[in-house]
Amino acid sequence: MTSLTLTEPDPHPFVPGPWRAQWIWSAAEPPAGQARRTVAFRRVVSLTEVPAHVPTRICADSRYVLWVNGREVVRGPARIHPRRRRYDVVDLASYLQPGENVVAALACFYGRPVAWWMPAATLTSQVRAGAFLLEADLGPDGWLVTDNEWRARLLAGWDEAPALGGVSGRGIELVDLRALPQTWTDLDFADDEWDRARTISGSGFGESGRPEPPNYPHGPYGARPASYPGSTSVELKEAEGVFRAERVVAGTLVVDLEGPAGAEVALTCAEFVGGDHDSSHGEPMGCTLTLAGGRRQYETFDLYGLREVHVSAPPGVTVHGVRVNERLYPVTGEAGFACSDPQLDTIWAVGRRTVSLCSHDAYVDCPTREQRAWTGDAVVHQMVDLTTNGDWRLARWHPMMAAEPGPDGMLPMAVAGDAEALDIAIIPDWALHWVHSVANLWRYLGDVAEVRRLLPVVEGVLRWFEPFIGSDGLLTDVVGWVLIDWASIYTQGNCAALNGLFGRALLEFAAMAEWAGDGGRAEWASQLHQGLVDGFEVLWDPDRRLYVDSAVGGVRRPMTSQHAQATAMLGELAPRHRWPRLVEVLTDESVMVHATFNVPNGEATPNLGVPAGGPHMREGYPEPWWDTEHLVIRAQPFFRYVIHDALAAAGRADLIPALCLDWNIALERCPTSWTETWFGGTVSHGWSSTPTRDLMVYVLGVQPDQPGFAVARIDPHLGYLDWAEGMVPCPAGLIEVRVEPGVLTVTSPIPFRHGPTEYAAGTHKITL
């Protein structure tokens with residue numbers, strides 16, 4: 001039975017200290033006003049023999065693609081704050097041959113913050129306008145390093161159109177193929193007219209400076225800690241001038257074109273079939289190519305998520321084909337789920353696919369519109385990976401990558417990109433979802449050193465909230481964008497959902513601190529939590545017997561939601577004797593209403609097709625249009641993970657299988673990946689994939705019983721199902737479970753508990 005992939009990539013000989021390689025870039029200056037710059041590099045190296053291993057590390061500011069002897073090797077580096085940069089490690093042995101070899105790289109400097117990259121803050125370093133770096137241990141033939149022996153060419157016409165100020169923050173990728181012949185990665189390509197690369201110094205204030213890293217503030221400081229995205233070719237089928245995929249795909253565009261030199265061809269990506277053929281969510285997104293004459297195949301530098309590609313070409317240009325090289329984080333192992341209801345099998349698979357679409361070098365919200373690494377969204381992606389993927393490295397790395405607090409302790413709303421660089425806003429509750437992702441690592445991995453590294457960041461997040469705690473013990477009028485959900489949740493004054501999420505975070509911090517041997521901090525969090533419990537009573541409506549969404553000045557407002565009831569339980573702010581009533585409120589379909597501030601005058605019915613967000617983000621909340629005394633706001637897909645966790649905490653996990661059928665309505669909008677909200681938004685949003693986790697954790701019932709999965713807990717809940725079976729990953733391998741009425745069959749590589757009984761590793765047939 002194969003164990004999980006938990007550790008960093010294969011060991012390598014690179015140790016802390018100065019590199020042998022030097023930062024290099026082009027000596028040519030870009031045209032005035034050009035922000036994005038792309039440089040092609042080449043180096044011919046001769047080997048007497050090819051060693052068994054050629055460990056190589058590579059980095060760039062901002063991005064690179066590496067080829068050896070015409071074969072693509074790797075793209076990188078992974079997104080990260082520039083002061084915490086990581087390098088990529090690969091083995092070039094299988095790409096090399098005795099005799100002459102050519103190593104080629106394309107390096108891009110974005111010049112301005114984009115969704116997946118942010119610039120370093122530096123005044124004196126030359127490594128601030130594009131840089132590339134590589135060193136490879138060639139064994140007896142010494143080291144291959146970047147220096148001024150490399151050839152370099154700044155590519156004229158490789159730029160980006162100005163961003164239009166939309167949500168994506170992207171401009172159209174501009175590529176002039178006349179600047180770079182198709183054969184440039186071949187060994188026999190003549191690069192005599194190319195300039196020698198320029199070595200550049202990473203000097204900082206007070207540093208003498210050297211061209212070898214590490215240099216302030218650029219690092220690099222350590223190896224990439226997660227797997228590299230794979231590449232799967234997906235051919236797009238042409239229909240009426242549109243190239244279409246069978247489902248949403250995400251990766252680099254590859255286009256095969258033929259036409260006269262100077263002809264311009266525009267490729268525009270669209271997420272929806274038959275929708276706006278010129279944009280994705282109202283914004284142009286794609287690439288414009290200037291042809292070099294003749295036939296040429298080109299693969300984009302950037303990644304795109306799409307369902308269709310619309311090609312606009314002048315007369316005389318032939319488009320021979322378009323495909324996408326999907327570049328998604330790998331899913332390994334044999335985890336799976338099946339049950340007596342094929343609907344749930346489909347829902348499980350769609351959720352797994354959607355998280356894959358949103359798993360690149362980080363967990364992103366969606367591949368089609370943004371590709372930002374949002375701090376809170378990723379908690380669902382992570383939980384799906386922990387329960388369905390044999391490679392846990394991204395689930396482990398993303399919370400570490402996102403641990404980038406500001407001086408006040410609060411996390412950025414999205415990390416390692418334009419949102420963090422420009423400090424657009426904070427989403428306080430997103431930081432609390434991040435705390436839950438740290439708690440997930442604690443439960444599933446149980447790594448004391450890792451938890452201790454993250455606990456100070458968790459504490460900083462929690463202490464950020466302290467000044468907002470009033471004399472009643474509750475958070476009051478917390479600043480920032482208190483999102484909660486795309487549903488109509490009023491957050492002024494004392495917000496029930498925010499206080500509930502804060503309560504959950506305090507409990508999780510206290511448990512982790514106690515486990516890590518820090519009783520003092522655990523006591524501090526417990527005392528804050530008790531204050532929340534005491535103050536939360538102001539939100540209880542005794543007549544309706546439920547919690548309202550908010551209270552202002554000690555006066556309850558009438559609006560209420562699933563969110564308030566669920567977080568009251570998960571944060572353990574509601575007394576236990578009320579929990580059965582809160583379960584009733586959560587599951588009473590007769591009182592549920594679809595409401596979002598983005599549709600201010602009526603019900604936001606499923607598949608309405610409107611985008612998420614809305615004017616209220618700038619103008620404030622509109623007045624409610626629904627019967628606030630009797631109706632309860634329904635949670636959108638993201639927040640449903642909180643709803644389901646609350647039901648399980650209340651002992652009603654048996655309700656979850658039927659609740660997962662709610663996702664059937666979303667299949668009408670897109671049968672292969674999940675919608676962002678019930679009413680609209682993208683159809684490739686990983687945060688909507690909660691059922692995939694639920695079917696493993698609550699239906700099959702497999703969870704860690706102790707931190708690190710030393711012992712599992714298996715408590716299945718079939719609900720309305722006749723049977724269910726599946727395989728769930730744990731660090732020691734796969735836990736196989738089959739549940740039927742009255743019988744539980746388990747094959748486990750580790751001990752597990754069912755009810756009060758502990759069972760040894762092995763196969764057991766248990767009477768329920």
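**View 1. Helices α1 and α2 cross in a left-handed way.** In this predicted model, local features need pLDDT of at least 70, side-chain atom pairs count only at pLDDT 80 or more, and totals for chains, interfaces and linings use all residues. Residues are numbered from 1 along each chain as its sequence is written, and side-chain values use heavy atoms, with hydrogens and water left out. Helix α1 covers residues 342-357 and helix α2 covers residues 378-388; their axes come within 10 Å and cross at roughly 115°. Helices here are DSSP runs (H or I, at least four residues) and strands are too (E, at least two), numbered from the N terminus. Axes are lines fitted to C-alpha atoms, for helices over the stretch in contact, with angles from 0 to 180 degrees between N-to-C directions. A crossing is left-handed if the near helix is turned anticlockwise from the far one by less than a right angle, and right-handed if clockwise. From α1, Trp 348, Arg 352 and Val 355 make the contact, meeting His 381, Val 384, Asp 385 and Thr 388 of α2; contact means heavy atoms within 4.5 Å. Sorted by class, this contact of α1 with α2 has three nonpolar, two polar and two charged residues. Here Ala, Val, Leu, Ile, Met, Phe, Trp, Tyr, Cys and Pro count as nonpolar, Asp, Glu, Lys and Arg as charged, and the others, Gly among them, as polar.

**View 2. Gln 343 of helix α1 touches Leu 661 and Asn 664.** Those touches do not count residues up to four places away in sequence. Look also for Trp 663: Gln 343 and Trp 663 are 320 residues apart in sequence and 9.5 Å apart in space, C-alpha to C-alpha. Gln 343 is partly exposed, with a relative accessible area of 37%. Buried means under 20% relative accessible area, exposed over 50%, and partly exposed in between (1.4 Å probe, protein chains only).

**View 3. Helices α5 and α7 form a left-handed crossing.** The axes of α5 (residues 428-445) and α7 (residues 496-515) come within 9 Å and cross at roughly 30°. That makes α5 roughly parallel to α7; angles under 35 degrees count as roughly parallel, over 145 as roughly antiparallel, 65 to 115 as roughly perpendicular and the rest as oblique. On the α5 side, the residues in contact include Leu 432, Val 435 and Trp 442, and on the α7 side they include Phe 502, Met 512 and Trp 515. By class, the contact of α5 with α7 has twelve nonpolar, two polar and three charged residues.

**View 4. Trp 67 and Trp 184 form an edge-to-face aromatic pair.** The structure holds 35 aromatic pairs. In this one, the rings are 5.4 Å apart centre to centre, with 80° between the planes. Rings of Phe, Tyr and Trp (its six-membered ring) pair if their centres lie within 6.5 Å; planes under 30 degrees apart count as stacked, over 60 as edge-to-face and the rest as tilted. Trp 67 sits in strand β4 (residues 63-68) and Trp 184 in the loop between β12 (173-176) and β13 (195-196), so the pair links distant parts of the chain, 117 residues apart. Trp 67 is buried at a relative accessible area of 14%, and Trp 184 is buried at 6%.

**View 5. Tyr 110 and Trp 117 form a tilted aromatic pair.** Their ring centres are 6.2 Å apart, and the planes make an angle of 45°. Tyr 110 is buried, with a relative accessible area of 3%, and Trp 117 is buried too, at 5%. Elsewhere, Trp 25, Phe 41, Tyr 64, Phe 132 and Trp 150 form one aromatic cluster.

**View 6. Helix α12 is largely enclosed by the rest of the structure.** Eight of the ten residues of α12 (residues 640-649) are buried, among them Tyr 641, Ile 643 and Leu 647. After α12 comes Gly 651, whose phi is positive, near 80°.

**View 7. Asp 61 and Ser 62 are joined by a cis peptide bond.** Its omega is about 25°, and Ser 62 is placed in the loop between β3 (55-61) and β4. Another cis peptide bond runs from Gly 76 to Pro 77, with omega near -10°.
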